[in-house]
Amino acid sequence: MTGSASLLLALLATSQGSSDWLAVVGAPDLGMLAAADAGVVLERVALVPRAGDDPAGVVAALLDGMTYVVVRPDAWLTASERRRLLARARERGSGLVCMGPWAQAAVRLDVVAHRRSGTDAGDGYLRRCELNVARTARGITDRWTLTLPTPGGLLVEPVEGQARPATLTRPWPLRLVG
């Protein structure tokens with residue numbers, strides 16, 4: 001599986017402010033019920049399940065009006081299109097998040113392990129999910145644990161021996177691998 005939908009939705013819910021709009025391009029299978037459960041305000045989400053013949057044009061247009069634009073692997077982009085989109089995102093002050101290969105990513109998040117609890121041998125509800133995440137930025141990797149859900153929202157704790165991670169806002173191109 002390329003990309004962690006749980007991590008993506010948690011980051012979007014945590015980063016989405018009171019007036020921020022999000023767009024998701026090329027993710028026809030992203031669950032909106034899961035997004036709402038994660039805390040994403042669906043009234044301010046634009047979905048483009050398939051970007052058609054010009055995914056770069058679609059993403060560029062969305063960067064003009066959205067706070068965050070998520071690009072899934074279904075929206076194929078060339079290396080030069082990615083460079084242009086990255087420049088446009090920086091120029092507009094938008095966050096560009098990719099759930100797939102992106103060589104120019106400033107930050108990369110990898111789910112290295114996960115634990116779930118509350119399923120009661122398959123006949124109950126998922127009560128808690130812990131994701132061990134490795135964050136790589138500027139060649140330095142740190143690890144932290146993200147716990148979903150919690151009453152106060154997203155709980156982020158450093159893995160033993162690591163510094164507390166910085167607030168994850170405006171995630172310039174990220175690559176999420178789960």
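Asp 64 counts as partly exposed, at 42% relative accessibility. In this predicted model, Asp 64 forms a salt bridge with Arg 88, and the closest N and O atoms are 2.9 Å apart. Arg 88 lies in helix H4, while Asp 64 sits in the loop between helix H3 and strand S3, so the pair ties together parts that are 24 residues apart in sequence. Arg 88 is likewise partly exposed, with 27% relative accessibility.

Which residues are joined with this pair into one network? Salt bridges that share partners connect Asp 64, Arg 88, Glu 91 and Arg 92. Within that group, the side chains of Arg 92 and Glu 91 meet at 2.1 Å, N to O. Glu 91 counts as exposed at 62% relative accessibility, whereas Arg 92 is partly exposed at 35%.

The structure holds four salt bridges. One of them brings the side chains of Arg 72 and Asp 29 together, at 4.0 Å from N to O. This pair links distant parts of the chain, 43 residues apart: Arg 72 is in the loop between S3 and H4, and Asp 29 in the loop between S1 and H2. Are these two partners buried or exposed? Arg 72 is buried, with a relative accessible area of 14%; Asp 29 is exposed, with 60%.

I turn now to the fold. The protein chain contains four helices and nine strands. Strands S1 and S2 run parallel and are joined by four bridges, and Val 25 has Val 48 as its bridge partner in S2. Together with helix H2, S1 and S2 make a right-handed β-α-β unit. Finally, of the 178 residues of the chain, 43% count as buried.

Terms used:
Residues numbered from 1 in each chain as written. Predicted model: local features only at pLDDT ≥ 70, side-chain atom pairs only at ≥ 80, totals over all residues. Heavy atoms only, no water. Pairing = 2+ DSSP bridges. Helix = DSSP H or I, 4+ residues; strand = E, 2+ residues; numbered from the N terminus. Right-handed = clockwise from strand over helix to strand, strands pointing away. Buried < 20%, exposed > 50% of the residue type's maximum accessible area, 1.4 Å probe, protein only.
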